[in-house]
Amino acid sequence: MLTVLRIENIALIDALEVEFSKGLNILTGETGAGKSVIIGSIGIALGGKFDRALLRNEEKDGLVEVSFTLTDGDLERIKEQGCLPEDILDHELVITRKILKNRVVNRINGETVPIGILKDTAELLINLHAQHEQTTLLKPAKHLELLDAWDGEVREQRDKVQELFKKKEELKQEQEHLDQDPAERAKKVDFLKFQLSEIKAAKLKNGEDAELEEEYRRMCHAEEMRDVCREVYQLTSDEEAGGAASRIGQGMRRLNELNRLDPESPLPGQLSEVEGLLSDFNQSLSAYLSEMSFSPDEMKQTEDRLNLINGLKAKYGRTIGDILESCDKIEKELEEQEKAEERLAALGEEINKAEKALKKAAEKLTGLRKAAAKPLEEEVRKNLTEMNFSHVEFYTSFAELPEITAGGKDDVCFMLSTNLGEEARPLHKIASGGELSRVMLALKAALSGVADTPTLVFDEIDVGISGITAQKTGMLLKKLAETRQLIVITHLPQIAAAADTAFKIEKTEDRGKTYTGIRQLSEEGRVIEIARLLGGKSISESIIAGARELINGSRGE
């Protein structure tokens, strides 16, 4: 479950930390107090958009962090996902998102992770039902998504349909690629042969271009390099009277006299080593000079080879490796084109088989969906009845799409009637926000029984309801919180009274600045807050008594 939420430097929040508990956590506050900031920050922590426009102080970093306590089952599901190193996983999991000057850093238990992995991990732990999400029920595509989420066997079969659809599409794309006019294909074959011949005729070798460029550079500077070497040779050889070797030779002869006078002196030996080193250097220099001789033909051959390679690079890739890779691709495509007629005939059979397999799988998926729809409808009807619908007709309408898609062949629409004597109509034709919000909650409550997500967050799921309906909605949320942790933002006292743990979000002013904060309410604080929701600014003793009665009623007292 979600244990701690930390927020720093976001909107009207300087620094905030709140600890949530098991069961039903209710958050209330006046309009504009910052409820949306709290829920928005949870959304950011789960991978939502995070940019510097959200920062209270642009000179400081922003941070959102959520901490979870994991059960063995939660850990196992994260491990099965296989995207996090097991050595960072523990029964405590912390997701941190920090916005720096020019980037956002995403971490799980201190380990930097890509945003995709963060989102995938968060989805296993928490489901955020944002404000007005019930409007997605106006899109029938959402109905199919919710139905599929209800049944594991349906999801498995849908995955098979997706794989078969993908395979069929790949075969059709290959067919379109090969299915050309014979004359056009012949032109393409000729062009591919030309390209292949051009590359193979060059007999390229990896690294050859770098060696040629170095050789060509030396050829271009050969005369200048020879002049330098000749001058150095004159300065160091013994062929010139003033050369270093000649002078050292003279020194050696004089030191021979020192040997006679001081046999223990190391100087003759040291100078002898210098003489040997200089002799070796002059031999290397002489050899280097002899290698500096290039004929015009050699230079032209090198230049022509480089021009050939650079011309191929312009057509087929930036490096010789790219050119050779292009050669392999051209060779493969040429083989495909030359065998196109044979492959097209085989493709026709393969596509026919793939379409039959897809149709069969889609029909099975339809059957599974229709079977799964019955218990889902029953569960939703029960939940809607608990939320004060005196008459509920809810069922799933199935129609067939013109063509099978990756999701099958079903056009699904939830149908609803809440008035006796009225025919059920598609949800997207229902105008009442109160009805939509209750249907969404009924669906979420039903799906929570089959989902493994331990924490559900609802932002004003109570839009458009009041009175006894609100009280029954609160009872349903309390029942749902018996098996899940719920975090619910509400403005209705009937729902707030059902809380296991209550929090108040409020704005304060200090030293000319406004701040959003959150605090856990005591038992008496809950009474006062619910009284505020009941009576606004005028809180009388009778309203306080009514608040106590609401709380006691939610506890069955």
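Reader: Which element gives the largest share of the lining of the second largest pocket?
Author: Helix 2, with three residues. This is a predicted model, where local features need pLDDT of at least 70, side-chain atom pairs count only at pLDDT 80 or more, and totals for chains, interfaces and linings use all residues. Residues are numbered from 1 along each chain as its sequence is written, and side-chain values use heavy atoms, with hydrogens and water left out.

Reader: Which residues lie nearest the centre of that pocket?
Author: Met-1, Thr-71, Pro-454, Thr-483 and Gln-485, out of 15 lining residues.

Reader: Switching to helix 3. Which of its residues are buried?
Author: Leu-118, Thr-121 and Ala-122, in a helix that spans residues 115-123. Buried means under 20% relative accessible area, with a 1.4 Å probe and protein chains only.

Reader: Why do they line one face?
Author: Seen down the axis of helix 3, the buried residues fall within an arc of 100 degrees, so they line one face. The arc is taken from the directions from the helix axis to the C-beta atoms.

Reader: What covers them?
Author: The cover includes helix 1 (35-45), helix 2 (72-81), strand 5 (92-99), strand 6 (104-108) and strand 8 (126-129). Helices (H or I, at least four residues) and strands (E, at least two) are DSSP runs, numbered from the N terminus. Contact means heavy atoms within 4.5 Å.

Key. Buried means under 20% relative accessible area, exposed over 50%, partly exposed in between (1.4 Å probe, protein chains only). On a 1 Å grid over the protein atoms alone, a cavity is a set of points where a 1.4 Å probe fits but cannot get out, and a pocket is an open set with protein on both sides within 12 Å along at least five of seven lines; lining residues have an atom within 4 Å of a point.
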